[in-house]
Amino acid sequence: MIHSKGYAAQSAETDLAPWDFERRDVGLHDVLIDIAYCGVCHTDVHLTRNEWFPGLFPMVPGHEIVGIVSQVGNHVTKFKTGDRAAVGVMVDSCRACEDCKNGQEQFCAVSPVVTYNNLDHYNMPAYGGYANNIVLNEDFAHHVSEKLDFAAVAPLLCAGITTYSPLRRWKVGEGHKLAVVGLGGLGHMAVKFGVAFGAEVTVLSTSPGKEEAAKKLGAHHFVVTKDEEQMKSTLRSFHFIVDTVAANHDLNPYLALLKTNGVYINVGMPAEPWQLSSFTLATGNKVVSGSGAGGLPETQEMLDFCAEHNIVSDIELINIKDIHTAFDRMLKGDVLYRFVIDMATL
Ligand code: NAP
Ligand code: ZN
């Protein structure tokens, strides 16, 4: 077994604390990655606090992982030691079902393994990236260009792909007015990709203080959603809206901002279900759609796109000891825009 150290929640009621544990040995098709940085996703808060469902504890969160390959199995062809590598929200799947064959392994119906908070194919708990290392099948690790700031790449593995994927699916680009609801980790990546794809981007935010920062990201307009007049001025004006909000909220005021035939793309995961009126949806032929992370081929495509266009996340690098403060500040919307743990501080 491989010795690992990290930060774990021992239960949904306890704070994360240092914890030593074991990972499986490096198999024929596995790589061992020494983790350099791991992003802090709002999902880490939802899951360690049982906000969605009872979790598997002890839980080592983290699914925005970058590091250096330090060991490869005998049959590994994709990586060699010393390579940069990245891991996102999943570490295994069946490879044989319709979704896996279509490159949407994140929806594997047979034996999906997400990066943490479930059992893997060896019947061992999967532990995430708030740790010094990770072992996984090479197919689920991605290449990272040497050109990009390594720490700022980490959030691309969840916040990046989760917003890149639906914008590509709906072919958002030139001539489109795109709104992004919530300027957090996912939201700021939606702004960057929307701008890169040529859309006119508006940020819909509850935080008036984020206007200047939003414009620096490339957003063309900024609307404070608590201001009724500002909301009124954008009624029926967007082709697409991407909702990245983590907290329970009413969708109906945002749906009113779509043009006829407009598409509402939800990627946020508040715990409470929505209440939608059939009249709201029928009027203007509205589409409400969801999107979950992204498959393996598209994740590599996104990383390559980012290397070509010099896109990374805007990050605040933290000591792992400050993870509680990071969780608290994220809950207050007080982060520009993603905390990333420097694993050297472990
Ligand atoms: P985050 O960094 O905390 O950003 C969420 C943003 O939502 C906040 O910065 C804030 O932006 C806004 N917000 C907060 N409370 C709000 C409220 N009551 N009403 C309206 N807006 C509010 O979180 P994140 O890491 O981007 O994650 C966002 C959500 O996506 C989480 O639920 C996460 O679990 C989910 N997620 C989904 C997927 C997927 O596959 N679909 C993948 C990753 C994460 P403003 O200050 O600008 O209002
Ligand atoms: Zn995430």
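User: Start with Tyr 337. Where does Tyr 337 lie?
Analyst: Tyr 337 lies in the loop between α11 (323-331) and β17 (338-342). Helices (H or I, at least four residues) and strands (E, at least two) are DSSP runs, numbered from the N terminus.

User: What joins Leu 336 and Tyr 337?
Analyst: A cis peptide bond, with omega about -15 degrees. Phe 57 and Pro 58 are also joined by a cis peptide bond, and there omega is about -5 degrees. Pro 58 is placed in the loop between α1 and β4 (65-72).

User: What kind of model is this, and how are things numbered?
Analyst: This is a predicted model, in which local features need pLDDT of at least 70 and side-chain atom pairs count only at pLDDT 80 or more, while totals for chains, interfaces and linings use all residues. Residues are numbered from 1 along each chain as its sequence is written, chains are lettered from A and ligands numbered from 1 in the order in which they are written, and side-chain values use heavy atoms, with hydrogens and water left out.

User: OK, domains. How is the protein divided?
Analyst: Into domain 1 (2-158 + 294-345) and domain 2 (160-290); such bounds come from an automatic or database domain assignment. The contact takes 23 residues from domain 1 and 23 residues from domain 2, where contact means heavy atoms within 4.5 Å. The C-alpha centres of domain 1 and domain 2 lie 27 Å apart.

User: How much area is buried between domain 1 and domain 2?
Analyst: About 1,900 Å², with carbon and sulfur atoms giving 63%. Buried area is the accessible area (1.4 Å probe) that two parts lose on being put together, summed over both.

User: And how many salt bridges between domain 1 and domain 2?
Analyst: The count is one. A salt bridge here is a side-chain nitrogen of Lys or Arg within 4 Å of a carboxyl oxygen of Asp or Glu. The side chains of Asp 314 and Lys 192 meet in a salt bridge, at 2.6 Å from N to O.

User: Which elements give two or more residues to the side of domain 1 that touches domain 2?
Analyst: α1 (42-48) and α10 (296-309). The largest share, six residues, comes from α10.

User: Switching to Ser 237. Buried or exposed?
Analyst: Ser 237 counts as buried because its relative accessibility is 17%. Buried means under 20% relative accessible area, exposed over 50%, and partly exposed in between (1.4 Å probe, protein chains only). Ser 237 sits in the loop between α7 (228-232) and β13 (238-243).

User: What does Ser 237 touch?
Analyst: Leaving out residues up to four places away in sequence, Ser 237 touches Lys 177, Leu 257, Leu 258 and Lys 259. A polar atom of the Ser 237 side chain also lies 2.6 Å from the backbone oxygen of Thr 234.

User: Last topic, backbone angles. Which value does phi of Asn 123 take?
Analyst: Phi of Asn 123 is near 65 degrees, a positive value in a residue other than glycine. Asn 123 is in the loop between β7 (113-114) and β8 (133-137), and counts as exposed at 58% relative accessibility.

User: And what about Lys 171?
Analyst: Lys 171 is not a glycine, yet has a positive phi of about 55 degrees. Lys 171 is found in the loop between α4 (159-169) and β10 (177-181). With 66% relative accessibility, Lys 171 counts as exposed.

Technical notes:
A polar contact is a pair of N or O atoms within 3.5 Å; within protein, one must be able to donate a hydrogen and the other to accept it, and residues adjacent in sequence count only if both atoms are side-chain atoms.
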